[in-house]
Amino acid sequence: MKIFNQLFVALAMVVLAVTVNAKELNKPAPDFTLKSMTGENVKLSELRGNVVMINFWASWCGPCRQEMPLLDKFYDKYKNLGFVLLGVNVEEDSSKAAGYLKEVPVSFPILYDNTNKVSEMYDVDAMPSTVLVDREGNMRFLHRGYKPGDENEYKRLMKKLMRE
């Protein structure tokens with residue numbers, strides 16, 4: 001039964017990922033501290049002054065796998081301009097994420113939300129979900145799902161926040 005429930009949740013997230021897009025917000029981003037792949041703790045509030053993209057993902061998520069290499073290129077291009085990208089893996093077993101990242105390495109920090117507490121704080125209900133936080137620590141955009149070309153919208157929104 002547990003496997004059926006997991007499959008149902010995964011299917012629901014895929015369906016949501018295809019049907020839902022970006023939403024503009026303006027509210028304080030919930031602060032969190034998560035352990036990174038390198039073992040360090042990363043605290044969102046310590047990144048204030050930067051534009052921060054938080055990308056919630058899972059290794060079983062096809063759109064996440066498609067998006068990860070594109071996000072890595074995006075991060076490499078803008079990281080020296082006050083842009084930070086945090087990849088937040090939402091799986092209980094982080095070894096699955098580590099296995100995927102051996103196949104498709106990325107240069108941006110990967111954090112582990114094994115208990116889904118941070119995912120719940122951000123109302124993540126689709127994979128992937130991407131949040132943009134402005135320099136003041138406000139959650140400004142939430143984008144659910146991924147389809148090819150969405151990275152252009154990320155770029156537009158990120159540049160808008162960088163100019164503020």
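Okay, let's start with the order of things: from the N terminus on, the elements of the protein chain go α-β-β-β-β-α-β-α-β-α-β-β-α. That comes to 5 helices and 8 strands. For the labels, helices (H or I, at least four residues) and strands (E, at least two) are DSSP runs, numbered from the N terminus.

A bit of housekeeping. This is a predicted model, where local features need pLDDT of at least 70 and side-chain atom pairs count only at pLDDT 80 or more, while totals for chains, interfaces and linings use all residues. Residues are numbered from 1 along each chain as its sequence is written, and side-chain values use heavy atoms, with hydrogens and water left out.

Now the whole chain. Of its 164 residues, 47% count as buried; buried is under 20% relative accessible area, exposed is over 50%, and partly exposed is in between, with a 1.4 Å probe and protein chains only. The chain exposes about 8,500 Å², and carbon and sulfur atoms supply 55% of that. Those areas come from the Shrake-Rupley method with a 1.4 Å probe, and for residues only the protein chains shown count as cover. And how much of the contacts with a separation of 6 or more comes from residues 24 or more positions apart? That would be 71%, where contact means heavy atoms within 4.5 Å.

On to the helix packing, with α2 in both pairs. Take α2, residues 62–78, and α5, residues 150–163: their axes come within 11 Å and cross at roughly 30°. That makes α2 roughly parallel to α5. The cut-offs, for the record: under 35 degrees is roughly parallel, over 145 roughly antiparallel, 65 to 115 roughly perpendicular, and the rest oblique. Axes here are lines fitted to C-alpha atoms, for helices over the stretch in contact, and angles run from 0 to 180 degrees between N-to-C directions.

Leu101 is buried, at 7% relative accessible area. Not counting residues up to four places away in sequence, Leu101 touches Met37, Trp57, Met68, Val106 and Ile110. Ser59 sits 42 residues away from Leu101 along the chain, yet their C-alpha atoms are separated by 8.7 Å.

Another one to click on is Val42, in strand β3, residues 41–43. Val42 is buried at 16% relative accessibility. Leaving aside neighbours within four places in sequence, Val42 is in contact with Phe32, Thr33, Leu34, Ser36, Leu47, Leu86 and Leu111. Of these, Leu86 is 44 residues from Val42 in sequence and 9.2 Å away in space, C-alpha to C-alpha.

And then the region around α4. Ser119 is in that helix, and at 6% relative accessibility Ser119 counts as buried. Outside four places in sequence, Ser119 touches Phe56, Val90, Asp113 and Val124.

Where does Asn116 sit? In the loop between β6 (110–112) and α4. Asn116 has a positive phi of about 65° although it is not a glycine, and Asn116 is partly exposed at 25% relative accessibility. Asp123, in the loop between α4 and β7, has a positive phi too, about 55°, and is not a glycine. Asp123 is partly exposed, at 47%. Pro128 is in the loop between α4 (117–121) and β7 (129–133), and a cis peptide bond joins Met127 and Pro128, with omega about -15°.
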